[in-house]
Amino acid sequence: YSFLKTAITDATYPQLSNLSLDDYQRMEYLGDCVLDIVVTFAIFNANEDSDEGEMTFMKHSFVSNHTFSHLAYALGIHNNLIT
């Protein structure tokens, strides 16, 4: 439960609420690294004729706050974030 609570707690919430809660910053760093590897590997294998620039553009379009924001709303999990 503590990992879940940390994973959904925005970095500004503990400061604004004067509560001693861990936020998701450290977990986000690890998750971003893993996500980059997985997405990069998939793009690399699926686009044999693409150069580095094209693959970088694809990766950034898949791995972005904008994309994940839309995904969170589509899945209905945006209401579960502690902000």
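The briefing below covers the overall model and then two residues.

This is a predicted model, in which local features need pLDDT of at least 70, side-chain atom pairs count only at pLDDT 80 or more, and totals for chains, interfaces and linings use all residues. Residues are numbered from 1 along each chain as its sequence is written, and side-chain values use heavy atoms, with hydrogens and water left out.

**Overall architecture**
- The chain contains five helices and zero strands, where helices (H or I, at least four residues) and strands (E, at least two) are DSSP runs numbered from the N terminus.
- Of the 83 residues in the chain, 13% are buried (under 20% relative accessible area, with exposed over 50% and partly exposed in between, using a 1.4 Å probe and protein chains only).

**Confidence**
- The average pLDDT (the predictor's confidence in each residue, from 0 to 100) is 80, and 69% of the residues score at least 70.
- Helix 2 (residues 13-17) has the lowest mean pLDDT among the elements of the chain, at 62, while helix 4 has the highest, at 94.

**Asp51**
- Asp51 is located in the loop between helix 3 (25-46) and helix 4 (52-62).
- Asp51 counts as partly exposed because its relative accessibility is 46%.
- The side chain of Asp51 reaches the backbone nitrogen of Gly53 at 3.1 Å.

**Lys59**
- Lys59 belongs to helix 4.
- Although Lys59 is buried, it has no salt bridge (a side-chain nitrogen of Lys or Arg within 4 Å of a carboxyl oxygen of Asp or Glu).
- For Lys59, the nearest side chain of opposite charge is Asp36, 4.2 Å away; Lys and Arg count as positive and Asp and Glu as negative, while His and the chain ends are not counted.
- Leaving aside residues up to four places away in sequence, Lys59 touches Asp36, Val39, Thr40 and Ile43, a contact being heavy atoms within 4.5 Å.

Key. Polar contact = N/O pair within 3.5 Å; in protein donor to acceptor, adjacent residues only side chain to side chain.
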